[in-house]
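Me: Hi! Could you walk me through this structure with me asking as we go?

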Amino acid sequence: MSRMIVAGATSEALRPFLLRVAARGTSFALLGRDPIALAHLATALHEAGAPGVSLFVLGPDPQAADITAAVRDAATGGPFVAAIDATGAIAPESAVVADPALRARLWRANHELPLAFVDAVRPHVVLGGAIAVA
């Protein structure tokens, strides 16, 4: 059985791909901020054919340590054939310039969290597996 871990799993851009992979019998470890959206995605993946889906809720403002801990917990179920990070975020440039707190959150979402994900998941991806950052 193959396993995939996905951070930022509720990204609508990923949904069609994840459903196709689920139809091939892949199990998932899903990391995300919104427990309701994760639960809806898990249901859809089960209905598409995924034999197992584990959810890891990171909360509304995850930190690198939260990503690392979630990956470590997800890896207890065995290695992954693929890992995808889709945690990035965008905002209008005018808002970013005017709001230092927003700028810091975007830096974390687009730089720190993806790097934490790659660092944490790398030892848990099978030889020949793939890690992608969207």
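Me: What does Arg108 touch, leaving out residues up to four places away in sequence?
Reply: This is a predicted model, and in it Arg108 touches Asp61, Pro62, Gln63, Leu113 and Pro114.

Me: Thanks! And where does Arg108 sit?
Reply: Arg108 is placed in helix H5.

Me: Buried or exposed, that Arg108?
Reply: Arg108 counts as buried, because its relative accessibility is 13% and the cut-off for buried is under 20%.

Me: Let's stay with H5. At what angle does H5 pack with H3, and how far apart are the axes?
Reply: Helix H3 (residues 64-74) and helix H5 (residues 100-121) pack at about 30°, and their axes are 9 Å apart. H3 and H5 are therefore roughly parallel to each other, as angles under 35 degrees count that way.

Me: Which residues make that contact?
Reply: From H3 there are Ala64, Ile67, Thr68 and Val71, and from H5 there are Leu113, Ala116, Phe117, Ala120 and Val121. By class, the contact of H3 with H5 has eight nonpolar residues, one polar and no charged.

Me: And what is the handedness of the crossing of H3 and H5?
Reply: H3 passes H5 in a right-handed crossing.

Me: OK, on to the cores. How many residues has the largest nonpolar core, and which have the most contacts inside it?
Reply: The largest nonpolar core has 19 residues, and those with the most contacts inside it are Ile5, Leu31, Ile67, Val71, Phe80, Phe117 and Val121.

Me: Which elements give two or more residues to this core?
Reply: Those are strand E1 (3-7), strand E2 (27-32), H3, strand E4 (80-85) and H5. The largest share, five residues, comes from H5.

Me: What else lies apart from this core?
Reply: Another core, of 18 residues, lies apart from it, and among its residues are Phe28, Leu41, Ala42 and Ile84.

Me: Where does His124 lie?
Reply: His124 lies in the loop between H5 and strand E5 (125-133). With 28% relative accessibility, His124 counts as partly exposed.

Me: And what does His124 touch, again not counting residues up to four places away in sequence?
Reply: Val71, Ala75, Pro79 and Phe80 are touched by His124.

Me: How far is His124 from Pro35?
Reply: Their C-alpha atoms are separated by 24 Å, and His124 and Pro35 are 89 residues apart along the chain.

Me: New topic: how do H1 and H2 pack?
Reply: Helix H1 (residues 15-23) and helix H2 (residues 35-48) pack at an angle of about 40°, and their axes are 7 Å apart. That makes H1 oblique to H2. The crossing in which H1 passes H2 is right-handed.

Me: Who makes the contact between H1 and H2?
Reply: H1 brings Arg15, Leu18, Leu19, Ala22 and Ala23, while H2 brings Leu41, Ala44, Leu45 and Ala48. The contact of H1 with H2 divides into eight nonpolar, no polar and one charged residues.

Me: Tell me about Leu19. Which residues does Leu19 touch, not counting residues up to four places away in sequence?
Reply: Leu19 touches Ala44, Leu45 and Ala48. Leu19 counts as partly exposed, at 27% relative accessibility.

Me: Now the strands. Where does Asp85 lie, and what does Asp85 touch beyond residues up to four places away in sequence?
Reply: Asp85 lies in strand E4 and touches Ala7, Leu113, Pro114, Phe117, Ala132, Val133 and Ala134. At 0% relative accessibility, Asp85 counts as buried. Asp85 and Phe117 are 32 residues apart in sequence and 7.1 Å apart in space, C-alpha to C-alpha.

Me: Last one: what is Ala29 in contact with, leaving aside neighbours within four places in sequence?
Reply: Ala29, found in strand E2, is in contact with Arg3, Met4, Ile5, Val6, Ser54, Phe56, Ala74 and Phe80. Ala29 is buried, with a relative accessible area of 1%.

Methods:
Residues numbered from 1 in each chain as written. Predicted model: local features only at pLDDT ≥ 70, side-chain atom pairs only at ≥ 80, totals over all residues. Heavy atoms only, no water. Axes fitted to C-alpha atoms, helices over the stretch in contact; angles between N-to-C directions. Helix = DSSP H or I, 4+ residues; strand = E, 2+ residues; numbered from the N terminus. Parallel < 35°, antiparallel > 145°, perpendicular 65-115°, else oblique. Left-handed = near helix turned anticlockwise from the far one by under 90°. Contact = heavy atoms within 4.5 Å. Nonpolar A, V, L, I, M, F, W, Y, C, P; charged D, E, K, R; others polar. Core = buried A, V, L, I, M, F, W, Y, C linked by side-chain atoms within 4.5 Å. Buried < 20%, exposed > 50% of the residue type's maximum accessible area, 1.4 Å probe, protein only.
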